Amino acid sequence: MLRYCALIVAGLYSAAAYASSPAGNTAPVTLTYLGTAGWEISDGTTVILIDPYLSRLFGPQPPGRPPAPRTPGDARPAYGWDDPATPDKSVIDAHISRADFILVTHTHYDHVLDVPYIALKTHATVIGTESTANVMRAYSVSEEQIVTVRGGEDYDFGTFSLKVIPSLHSPLDHKHYFSSETTPAGLKAPLTLQQMHSEGGTLAYLVRFHGHRILAFGGMNYIEREIQGLDPDVALVGAAGSRKELYDYSGRLMRALRFPEFVLPTHWDNFTAPYGASQQPALDALQSFLQEIHAASPKSKVILPKYFEAISLPTLK
Ligand SMILES: [Zn+2]
């Protein structure tokens with residue numbers, strides 16, 4: 001089981017001394033894990049979602065991975081690549097009531113499938129690649145809600161700022177994964193899972209919010225020179241097994257980021273299993289990631305998130 005001294009389970013901080021913030025909002029920033037690569041970042045006023053994927057369809061696996069076994073008791077239908085990408089509205093509605101911004105790292109279905117529904121429901125601004133924009137347009141999300149980026153932008157949104165980081169997709173299929181495809185314009189909903197399988201390029205995001213610098217990855221790769229100097233205090237780090245295809249993944253990452261105070265593993269769970277299912281195999285596999293981070297950055301506090309349990313960050317300003 002999880003036994004590292006620097007490991008902290010979600011929900012430990014209750015920031016006591018609230019100071020003033022630029023927006024006059026003194027609530028602490030919270031991070032809430034939605035499963036897969038999905039997160040909610042909130043100060044109680046501004047709600048930012050990252051890759052929110054709550055439907056957790058029993059769908060096909062990424063390239064090079066065998067079909068996942070069905071979780072005992074999971075009677076949901078199996079989805080193939082040619083099936084319509086159908087969001088589980090009841091699960092989404094149970095957990096997502098509002099959002100102001102949705103950041104999408106890339107347009108694989110385990111990142112983007114729920115975004116059109118959430119965008120239409122919340123009227124949030126969706127930020128992502130041209131591929132992300134075209135998925136939104138297929139579902140008639142309004143142009144006013146779509147901000148298309150390619151990496152390198154540094155945007156001010158008033159209550160927070162957002163640096164868009166060029167990045168790379170996880171090295172799936174033992175480094176044979178490659179996709180240069182972008183979701184084309186002109187598609188009409190409902191898209192199939194296959195139509196949500198164009199990567200469209202991959203981005204990471206640095207969210208500067210109430211003095212915190214939160215760096216979010218959507219998978220297990222990065223461009224080292226693009227992340228040097230970002231100095232996040234919080235890093236959401238892809239922790240699934242494909243990271244082992246990379247040379248010194250955790251060591252290079254921790255050094256480039258100058259040893260963030262908090263490291264939160266992301267994209268480590270089995271996203272084809274429903275929320276209530278056991279994630280023990282994924283948790284067991286996570287042990288080696290925890291060891292890597294502990295070895296590379298012993299002072300970093302690794303927080304293992306639990307679904308839908310808010311993690312409060314210390315109040316900075
Ligand atoms: Zn992907």
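Donors are taken here as N, O and S atoms within 2.8 Å of the metal, and because water is not among the atoms, a site may look incomplete. In this predicted model, the zinc ion has three histidines as its protein donors: His106 through NE2, His108 through ND1 and His169 through NE2, lying 2.1 Å from the ion. Along the sequence, the donor residues follow the spacing H-x1-H-x60-H. His106 has a relative accessibility of 2% and therefore counts as buried, the cut-off for this class being under 20%. His108, at 5% relative accessibility, likewise counts as buried.

The peptide bond joining Ala189 to Pro190 is cis, with omega at about 0 degrees. Asp173 is also placed in the loop between β9 and β10. Although Asp173 is not a glycine, its phi is positive, at about 55 degrees. The relative accessible area of Asp173 is 30%, so this residue is partly exposed.

A positive phi is found at Phe259 as well, with a value of about 60 degrees, and this residue is not a glycine either. Phe259 is located in the loop that runs between α6 (249-256) and β13 (262-266). With a relative accessibility of 43%, Phe259 counts as partly exposed.

Technical notes:
Residues are numbered from 1 along each chain as its sequence is written. This is a predicted model: local features need pLDDT of at least 70, side-chain atom pairs count only at pLDDT 80 or more; totals for chains, interfaces and linings use all residues. Side-chain values use heavy atoms; hydrogens and water are left out. Donors are N, O and S atoms within 2.8 Å of the metal (3.2 Å for Na, K and Ca); water is not among the atoms, so sites may look incomplete. Buried means under 20% relative accessible area, exposed over 50%, partly exposed in between (1.4 Å probe, protein chains only). Helices (H or I, at least four residues) and strands (E, at least two) are DSSP runs, numbered from the N terminus.
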